[in-house]
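User: I would like to learn how to read a structure step by step. Please start with the terms and then show me each case.

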2 protein chains.
Amino acid sequence: MLVLGVDPGSHVTGYGLVEKKNNQLICIHSGQVTSSAKIPFYDRIHKIFKAMAEIMERYRPGEMSIEDVFYAKNIQSSLKLGHARGAVLIAAVQCGVRIFEYTPLEIKKSVVGYGRATKEQVNSMVRIILNLKTTPKLDTSDALAAAICHINTSRFKSLTKE
Amino acid sequence: MLVLGVDPGSHVTGYGLVEKKNNQLICIHSGQVTSSAKIPFYDRIHKIFKAMAEIMERYRPGEMSIEDVFYAKNIQSSLKLGHARGAVLIAAVQCGVRIFEYTPLEIKKSVVGYGRATKEQVNSMVRIILNLKTTPKLDTSDALAAAICHINTSRFKSLTKE
């Protein structure tokens, strides 16, 4: 089953599609939805919704893995993050993609083996696990890490009856 | 021109459609999108998006007026509010409804004449201004107040060339 991992943000939303084949995790496609701070905020949020819906329609992942956010730097950044995360969730429900949420701790632990790993450590491990030729950007590796975390959990295993 | 005012929230999203006819403000329709805390959060957010898009498709407002949020009680509530507000903005962009944002101070000042008015004071004034026969719920009157504020501003007046 193809799993879409997403790391939402109002400036950059990272995404990555990961599949398990012959016990090997493969990155099918990954990238970022970026938008200029010059365009109105509501257009940026709509762009995230539209881009994510297009990716879901094109690749038809069965499931989406996304970080369950409990905190942000401050009220302002949590408001903005909420808008962006909402856009991703709406696209998933709209496209019939099942949503699974994991805490940052669960994702880091699943990928690096350590819940307080840095973004750079996550990046290095994602590159090794997926055997990537180039180093992904940090938001993309966070998204891929969410997908890897989901594939490695019992919730995914029970669904795919491994 | 028909103006849609919205007061977004993850539990209750109030909305109200207001039109100016013969120098009188008329409430065409108003209500609330509510969702049980028992259904998954992402389904609640999608419900807001779907319901608001349906209202916009049915009534075809030219413009939407929504509170510009700068703060919330805490990080958790601002994250949730961000999701709900994002759902409303995406529906508006999707339906081609122009978005106008006003601070709570601007809205209260426009309706009550006092920027620090309570929700109850806003409710009473909205009922008087729109000549409503019944008392609207507080989230609905906040939404109607946003619509009234927009119609009373120079931004609206310059568009409709009054």
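Analyst: Contact means heavy atoms within 4.5 Å. Here, 100% of the interface residues of chain A are also interface residues in chain B, so the copies meet through the same surface. This is a predicted model, where local features need pLDDT of at least 70 and side-chain atom pairs count only at pLDDT 80 or more, while totals for chains, interfaces and linings use all residues. Residues are numbered from 1 along each chain as its sequence is written, chains are lettered from A and ligands numbered from 1 in the order in which they are written, and side-chain values use heavy atoms, leaving out hydrogens and water.

User: What pLDDT does chain A average?

Analyst: pLDDT is the predictor's confidence in each residue, from 0 to 100. Chain A averages 93, and 94% of the residues score at least 70. Helices (H or I, at least four residues) and strands (E, at least two) are DSSP runs, numbered from the N terminus. In chain A, confidence is lowest in helix α6 (residues 154-160), at a mean of 65, and highest in helix α1 (residues 41-59), at 98. The model has an ipTM of 0.91 and a pTM of 0.93.

User: What rotation superposes chain A on chain B?

Analyst: Copies are superposed by least squares on the C-alpha atoms of residues with pLDDT of at least 70 in both. A rotation of 180 degrees, with 0.0 Å of shift along its axis, superposes chain A on chain B with RMSD 0.0 Å. That is the relation of a two-fold axis.

User: Is A:His150 buried or exposed?

Analyst: Buried means under 20% relative accessible area, exposed over 50%, and partly exposed in between (1.4 Å probe, protein chains only). A:His150, in helix α5 of chain A, has a relative accessible area of 0%, so A:His150 is buried.

User: With which side chain does the side chain of A:His150 make a polar contact?

Analyst: A polar contact is a pair of N or O atoms within 3.5 Å; within protein, one must be able to donate a hydrogen and the other to accept it, and residues adjacent in sequence count only if both atoms are side-chain atoms. The partner of A:His150 is the side chain of A:Tyr102, at 2.5 Å. In chain B, a polar contact of 2.5 Å joins the side chains of B:His150 and B:Glu63.

User: Where does B:Ser10 lie?

Analyst: B:Ser10 is in the loop between β1 (3-7) and β2 (12-21) of chain B. Its relative accessible area is 8%, so B:Ser10 is buried. Leaving aside neighbours within four places in sequence, B:Ser10 is in contact with residues including B:Phe41, B:Arg44 and B:Lys80.
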